[in-house]
Number of protein chains: 2
Amino acid sequence: MSDAVEHGLSVTDEVIVRLEATQDPRLREIMQAAVRHLHAFAAEVRLTDEEWFAGIGFLTATGHMCDEVRQEFILLSDTLGLSTLVDAMNHSHVEELHAPGAATASTILGPFYVPDSPWRENGESMVEFDCGGEPSLLRGRVLDQQGNPVAGAVLDAWQNAANMFYAVQQPEVQPPTNLRGRYRTDDQGCYEIRSVRPTDYPIPADGPVGGLLRATGRHEWRAAHMHLKVSAEGFVPLTTHVFDDQSAFLRTDTVFGVKESLIGEFVLDEDGMRVCEFDFVLARSEP
Amino acid sequence: MSDAVEHGLSVTDEVIVRLEATQDPRLREIMQAAVRHLHAFAAEVRLTDEEWFAGIGFLTATGHMCDEVRQEFILLSDTLGLSTLVDAMNHSHVEELHAPGAATASTILGPFYVPDSPWRENGESMVEFDCGGEPSLLRGRVLDQQGNPVAGAVLDAWQNAANMFYAVQQPEVQPPTNLRGRYRTDDQGCYEIRSVRPTDYPIPADGPVGGLLRATGRHEWRAAHMHLKVSAEGFVPLTTHVFDDQSAFLRTDTVFGVKESLIGEFVLDEDGMRVCEFDFVLARSEP
């Protein structure tokens, strides 16, 4: 017999009225919209008691799967395409440009980023522990949208090993800084990252998200890629991937991360090295 | 460069197309609707990277707060009105009837239900440990919609102590079966539950849900009530509360659980006992 019910409001309206007391206007907007969409979802499918309880159990198990090195809620967001949607909305200035000089497209961060990777010299290898794989060299330049080199730009790179795992997933096998490194562009804006060719890999599928993928008839594979954050003073920071054009999962990447402009070729050179040339174009930040 | 993107689909459409592979048609319907509403929410508020990350952190903390005796996701569902909405949708046959003989309204289960409470005789007290409070007697009949007594109906009751906690919240203070009990109606459909008068109490507010309540300018109080599950063979099981009409929080119950028809009077008798007369009316289940 709340005020709202007395005035004939639905429970949805009642919650929204109750949230009017929120001081922060942005939090109020977000919470009212969240309640409206959450209730609309439940009403549309006429969620049963049992399904509601299964949902509570799923979210609880997802939370329990999270620890310092495993972020199951990010995996959930990724596999439901939410991460890609949020990324696209916040970096749409990039998406809208397809002309020459367009800034490089961003894509999702993923759950395996670890800050403070070791600084490495251009041409230095990120391989600290041999898990096999083809030797590779990712190289190119960081440019502004007019094609001028950006000297001193930082490329913070991380990738999985040929055994398909990131170092952070295998603390008893790989050293923690294996296949991670920060590089700086030289005066010509050039960088060189020596590594191993990225491989397709399954996202961690032994938790609730893996169960949901199987229940919905989906695979757990990501298209082979190296992750990079590229940043420089005066430019909008970029979080992106470089994908391998030979991956079998470019069209069905389980986290919806692939963009055509981020696909590179890893060409075999005479020394047996897979070389990928890739330039990153940064947008200047607002003055 | 997925198939969907190649055909000009949005990421939302792409996820929905991907979910077409779900074998169970009900799971497919639920997941596709969930993705549609989740994306619509994020698009409507133009969720930023930082807000997305704060949301991931909130859900993770909510999961970490859950253990055998604490269900923070149910608290979240309750305080967002989702539990009341789901209850209303699934028991609307009850809501639609307001004529004499209407079945008793249901309300939410809440996070403190523990199955297998001890069997007690009619008139026996559920108090196994004295936490103060006014002695009370909840009594009445279980009836069918024609007003006939239902003999052998089970009333599974649980409530908080006068110190505001449920036994399950205070394993080192209260015995686990304190203020819980299962009663059976006699041949006339009568029951008698001796206990203490329920008190208003705050939901557990030391976790993420409490933080959200404070950030949204809301209090954490529930209107005083006793919980009951009422069941009998051939009838639709009922999960409900009996509220105390003297509660200060009937209009602002933080989980939106109050219904006017569930409010009772706890009248002081000559022995200093608070007596509440309350009949439960059950709907027959479909034959």
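**Entry 1: S2 and S3 in chain B**

I began with Ala157(B) and looked up its bridge partner in S3(B), which turned out to be Gly181(B). This is a predicted model, so I read every pairing here as a computed one. Strand S2 of chain B, residues 154–158, runs antiparallel to S3(B), and 5 bridges join the two.

**Entry 2: the rest of the sheet in chain B**

Next I wanted the strand order. The sheet of chain B is open, has 5 strands and reads S3-S2-S7-S8-S9, with mixed pairing. Which strands stand at the edges? They are S3 (180–184) and S9 of chain B; each has a single partner strand, so one side of each is left without a neighbour in the sheet.

I then walked along the order to S7. Strand S7 of chain B covers residues 225–231 and pairs with S8(B) in the antiparallel sense, over 6 bridges. In that pair I found His227(B) standing opposite His241(B) of S8(B). The hairpin of S7(B) and S8(B) has 6 residues between the strands, and there I noted that Gly234(B) takes a positive phi near 90 degrees.

Is S8 of chain B buried or exposed? I found the strand, residues 238–244, mostly covered, with 6 of its 7 residues buried. On the way to S9 the sense of pairing is parallel: 2 bridges join S8(B) to strand S9 of chain B, residues 263–264. Here Asp244(B) stands opposite Gly264(B) in S9(B).

**Entry 3: the sheet in chain A**

Strand S8 of chain A, residues 238–244, is joined to S9(A) by 2 bridges, and the two run parallel. I picked out Phe243(A) there, which stands opposite Ile263(A) of S9(A).

**Entry 4: domains of chain A**

I checked how chain A is divided and found domain 1 at 3–47 and domain 2 at 72–281. The centres of these two domains of chain A, taken over C-alpha atoms, are 39 Å apart.

**Entry 5: how the copies are related**

I laid chain B on chain A and got an RMSD of 0.0 Å, from a turn of 180 degrees and a shift of 0.0 Å along the axis. The two copies are therefore related as by a two-fold rotation axis. Which residue of chain B comes closest to that axis? Gly63(B) does, with its C-alpha at 1.9 Å. I also saw that the same surface serves both copies, since 100% of the contact residues of chain B recur in chain A.

**Entry 6: the contact between the chains**

I counted who takes part: 66 residues from chain B and 66 residues from chain A. Several helices of chain B give two or more residues to the side touching chain A, among them H2 (11–18), H4 (49–65) and H6 (82–90). H3(B) gives the most, with 16 residues. By type, I sorted that side of chain B into 35 nonpolar, 18 polar and 13 charged residues.

**Entry 7: the largest nonpolar core**

Last, I opened the largest nonpolar core. It has 66 residues, and Val35(A) and Val35(B) touch the most other members. I listed the contacts of Val35(B), leaving aside neighbours within four places in sequence: Leu80(A) and Gly81(A) from chain A, and Thr12(B), Val15(B), Ile16(B) and Leu19(B) from chain B.

Key: Residues are numbered from 1 along each chain as its sequence is written. Chains are lettered from A and ligands numbered from 1 in the order in which they are written. This is a predicted model: local features need pLDDT of at least 70, side-chain atom pairs count only at pLDDT 80 or more; totals for chains, interfaces and linings use all residues. Domain bounds come from an automatic or database domain assignment. Two strands pair if DSSP finds at least two bridges between them. Helices (H or I, at least four residues) and strands (E, at least two) are DSSP runs, numbered from the N terminus. A nonpolar core is a set of buried Ala, Val, Leu, Ile, Met, Phe, Trp, Tyr and Cys residues joined through C-beta atoms within 7 Å. A residue is buried if 20 or more other C-beta atoms lie within 10 Å of its own, exposed if 12 or fewer, and partly exposed in between; C-beta atoms are placed from the backbone. Two residues are in contact if their C-beta atoms, placed from the backbone, lie within 7 Å. Ala, Val, Leu, Ile, Met, Phe, Trp, Tyr, Cys and Pro count as nonpolar, Asp, Glu, Lys and Arg as charged, and the others, Gly among them, as polar. Copies are superposed by least squares on the C-alpha atoms of residues with pLDDT of at least 70 in both.
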